[in-house]
Each structure stands twice: as structure tokens, then as C-alpha cells.
Amino acid sequence: MRSFRRHRVPVAVLLCAAAVLAARPTAAESGGVGSGDGGVSPAYVPADAGVSAQVARLFEEAAVATQQYEAGRREADRQRTQVRWMEQLLGRERRQLAALNADLGRIARAQYREGGGMPHTAQMLLADDPDELMRGQRAGRQADLALDKAVTRSRRAEARFAVGEARAATAWRRLEKRNSELGEIKQDIQRKLEQAQWTLQGQADASVAAGSCRGAVRLEQPVQGGTRPWVAPVESYELSAGFGSGGERWSSRHTGQDFAVPIGTPVGAVGAGRVVKVSCGGAFGIEVVLRHPDGYYTQYAHLAAVTVDQGERVAPGQWIGQSGTTGNSTGPHLHFEVRVTPELGSGVDPVPWLLKHGVRL
């Protein structure tokens, strides 16, 4: 049963560092999700950090490009909203102007019917009450003046809003063009990332097939944003196969929790500990096993690369590898186990174990 809980991808500056040699790792585990390597210790060769670093850097660039693209889309939506607001204001102003013009027409027609076309002196001579006529004339002039002012204000407002509408529309078109360019940049990065990911996976598959583990790939570690003692093994994921689930892919029951993530995703230690195993053969493909101070062990399997050496001490969240699909795997993901011993078959359900340590998946 797949859970679609999503988590935010961290944006960290990822740089390539030199690959280093490390001690010979122990043998891969046997049994479990497939056949093991029979306890044969694989050969150890120096690692080339080039592709791993490229994948890490492209992940960063893709995250930045996505943020810029999404920010541009939000700004374009804001500009569109402003244009619509301008159009609504203009519509209201036009309706008011039309009403004023209609009133002006009615006044003009009434004046014509009531002798508005006669000279003012003649109107006074023919009027029954000249004083009332004078008051009416003054009221008419005041009404005409007020109407003229209202028409002038409305036309000025229409011109002002028309300028604003044009500016907003121009800004929106400019944003649309920029967003189209950002979309193309994003797609280009994604294409390069996909190529680099499968190159990395190809190197990992070759290592597993040859039984020769590459050395630790040294990537610059991200700046840890907090002091939490326990964290999730990956920052952005979808939960897939859970602990104890059945299926023809496993010899008995599933022994861990799977995190669906793209190839090359940085994998971090869930807590402080020491690397007790790095191996690259058998059903788990490339894997790392850590021992934690409380006596529990955690396993990180189906990796495409490792970034630590056996015997090395690690901190919570420190990158220990990059995810992949090596070994008995049907697609890119991280297989994560919590064990009482370093050996297969002693696992406990990772989800409640992590929750007990303050990590909610």
C-alpha cells in the first residue's frame, strides 16, 4: 500500500570533492529478500566522484529551477488578477460615465422642451415668476457644472485605469515569456539529471555484477539545519512497500520500509552511529549498515553509491549514500531496515520505531 505523504526537498549547495580510499568492507548479507553472496568479501576499488557529484549538483539545480519557475507562475497569476481588477474598475467607471451621459441628455432634452432654446431675456419676460426662473436657471447651471466635473473625473479615471491596465498586461506578458524560458531551462536540467542518474546506476550495476565495491564518494555534506537526534533517511519521498508486506518479490515477508525516491537521492543516517558494513553484492545490492548507541542497527539498501567508509562515525542526517535500484529491486527506492542485530532476520517495523524516536513519516 503506497502512502503519498510528501516532504520538502532541501536546497543545499552540493560540490564535488575528491574520492578517497577506505578499508575493505565486509561481505554482503545472505538470504532475506533474495539470494545472498555466500559471505564472499567483494574487492574494493577507488571511487570516481564525478557522476555522483554531477547528480547531486543537478538535483540542486533542478530544485532551484523549480522554485524560480513556481515563483514566476505565482507572480504571473498575481499580474493576471491585477489585470482583471483593472478591467472591473474600468467597467464600473464606464457604467458611471454612461449613466452621467444619459442624465446629461435628459437634462438637455428637458431644457429644450421648456424653452431652453430661447434667449435668457425672453424667458424672463414670458415667465410667470421671474424669481423662480432665476432660481431654476442657477440650479440648472450648478447641475450642469457638477455634471461636467463628474464627466471630467470619470474620463480622467478611465485614462488612468487604461494606463494601469496596459502596464499590468505588459508585465504579465513579460512574465509569461520568462516563465516559458524557465520551463525550458527546467526541462533541460531534468534531461541532464536523468542521463546522469542512469549513468550512476550503470556504474553501480557494474560494481555489483563484478563484486567490486567502489570506494566512498566524498560529497560536501549539507549544512544541518537543526540538532534533532533522529531524522528520516531521505528528505523527500513516497512510502511504498511496508514492513511485513507479502509478495513474490521477497522470499518470505518484506523486512523493511521502502521509500520511493529517484536515483541519486541523498540518503542520510537516521541517527548518530558507526558504519559497521558496506557491501555491494547479493539481493540488497549496494548497502550500508549502521550501529547506533542504543544497540539497534539500521540498514540502507539498493544504493547507487556510498559516501562513507566502514568504521566511520556518522551524525544524524549525514549523507551515507545515494539511492538507486541495485540488487533485487524493481525500481528506484531506498530499502530501510531497523534491526536488533546486524544480520537479516532480526528486523523490527521501522515506522513505529522511528515514531518512538520522534520521527513521523
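Tutor: Let us begin with Gly 321, which is buried at a relative accessible area of 1%. Buried means under 20% relative accessible area, exposed over 50%, and partly exposed in between, with a 1.4 Å probe and protein chains only. Please note that this is a predicted model, in which local features need pLDDT of at least 70 and side-chain atom pairs count only at pLDDT 80 or more, while totals for chains, interfaces and linings use all residues. Residues are numbered from 1 along each chain as its sequence is written, and side-chain values use heavy atoms, with hydrogens and water left out.

Student: Where is Gly 321 found, and which residues does Gly 321 touch?

Tutor: Gly 321 is found in strand E10. Helices (H or I, at least four residues) and strands (E, at least two) are DSSP runs, numbered from the N terminus. Contact means heavy atoms within 4.5 Å. Leaving out residues up to four places away in sequence, Gly 321 touches Thr 265, Pro 266, Val 267, Ala 305, Val 306 and Thr 307.

Student: How is a nonpolar core read, and which residues have the most contacts inside the largest one?

Tutor: A nonpolar core is a set of buried Ala, Val, Leu, Ile, Met, Phe, Trp, Tyr and Cys residues joined through side-chain atoms within 4.5 Å. The largest here has 49 residues, and Val 288, Tyr 300 and Ile 320 have the most contacts inside it. The elements giving two or more residues to this core include helix H1 (49-113), helix H3 (130-210), strand E8 (297-306) and strand E10 (319-323). H1 gives the most, with seven residues. A second, separate core of five residues includes Met 86, Leu 89, Leu 90 and Phe 161.

Student: Which residues does Ile 320 touch?

Tutor: Beyond four places in sequence, the partners of Ile 320 include Val 267, Val 288, Leu 290, Tyr 300 and Val 314.

Student: How does one read the loop between E10 and E11, for example at Thr 325?

Tutor: One asks about burial and then about partners. Thr 325 lies in that loop and counts as buried because its relative accessible area is 15%. Leaving aside neighbours within four places in sequence, Thr 325 is in contact with Gln 201, Ile 263, His 302, Thr 330, Gly 331 and Pro 332. Phi of His 302 is near 65 degrees, a positive value in a residue other than glycine.

Student: What polar contacts does the side chain of Ser 329 make?

Tutor: A polar contact is a pair of N or O atoms within 3.5 Å; within protein, one must be able to donate a hydrogen and the other to accept it, and residues adjacent in sequence count only if both atoms are side-chain atoms. Ser 329 is found in the loop between E10 and E11 and is buried at 17% relative accessibility. Its side chain reaches the backbone oxygen of Gly 331 at 2.9 Å and makes a polar contact with the side chain of His 333 at 3.4 Å.

Student: And what does His 357 touch?

Tutor: His 357 is found in the segment after H4. Not counting residues up to four places away in sequence, His 357 touches Trp 230 and Asp 294. The side chains of His 357 and Asp 294 make a polar contact at 3.5 Å. The C-alpha atoms of His 357 and Trp 230 are separated by 6.4 Å, although the two residues are 127 residues apart along the chain.
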